Amino acid sequence: EPSSTPDLVVESISVQPAAVFGQAVPVTWVVRNVGNGPIAGVWSDRLWFSSLSNDLYGASALRTAPALSTLAAGAAYTNTQSVTLPLSTGLTPGNYFILAQADVNSEVTESNEGNNLATAPIALTLPPLPDLAVVGIRGPAAASAGQTIYLLWGVTNPGNAPASGFWNDNLALS
């Protein structure tokens, strides 16, 4: 008699086609048990952010979501979660991917562990950002080594958004 083994497959993933870095967006994915056996246990799915499609190399985890505790052979479930897209200085506007991975921690013994990933493209732009710039540095024309001097400078924001929070200004002598 053939053994009955489950097999989770991410059938589809959908996300809006365009968004802004730092924005929260809903992601919907469908996972189906295409195996010939039921699943009874605990597993989780994970949503990833990546510059590569169908590859988790360098991907950032966005959210881990618990899945069902049972899933019959042939049955499917749909999950929708909101994720906040990353916003950092290393990211440039362009095309990225949201990936959905079923059974992220390999908690379910499956007949095929290599089909648990699906991807959806998303075009991202930068939000309005502040752009702090130093202006008007003034200090003495000359100084001696070890002498305390006083400097005066201003900071302006020619960017498209207000600067909020705290930051430090660093000075260097060269």
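Visitor: How many bridges join β1 to strand β3?

Guide: This is a predicted model, in which local features need pLDDT of at least 70, side-chain atom pairs count only at pLDDT 80 or more, and totals for chains, interfaces and linings use all residues. Residues are numbered from 1 along each chain as its sequence is written, and side-chain values use heavy atoms, with hydrogens and water left out. Strands here are DSSP runs (E, at least two residues), numbered from the N terminus, and two of them pair if DSSP finds at least two bridges between them. β3 covers residues 24-33 and runs antiparallel to β1, and the bridges joining them number 7.

Visitor: Which residue in β3 is the bridge partner of S12?

Guide: β1 spans 8-15, and β3 spans residues 24-33. In β3, S12 has as its bridge partner V30.

Visitor: In what order do the 3 strands of the open sheet stand?

Guide: The pairing in this sheet is antiparallel. β1 and β8 (76-84) are its edge strands, each pairing on one side only. The order is β1-β3-β8.

Visitor: Why is one side of β2 and of β6 left without a neighbour in the sheet?

Guide: The open sheet of 5 strands has mixed pairing and the order β2-β10-β9-β5-β6. β2 (18-20) and β6 (60-66) stand at its edges, so one side of each lacks a neighbour because each has a single partner strand.

Visitor: Which residue in β9 is the bridge partner of S50?

Guide: Strand β5 (residues 44-50) runs antiparallel to strand β9 (residues 94-101), and 5 bridges join them. In β9, S50 is partnered by F97.

Definitions and conventions: Helix = DSSP H or I, 4+ residues; strand = E, 2+ residues; numbered from the N terminus.
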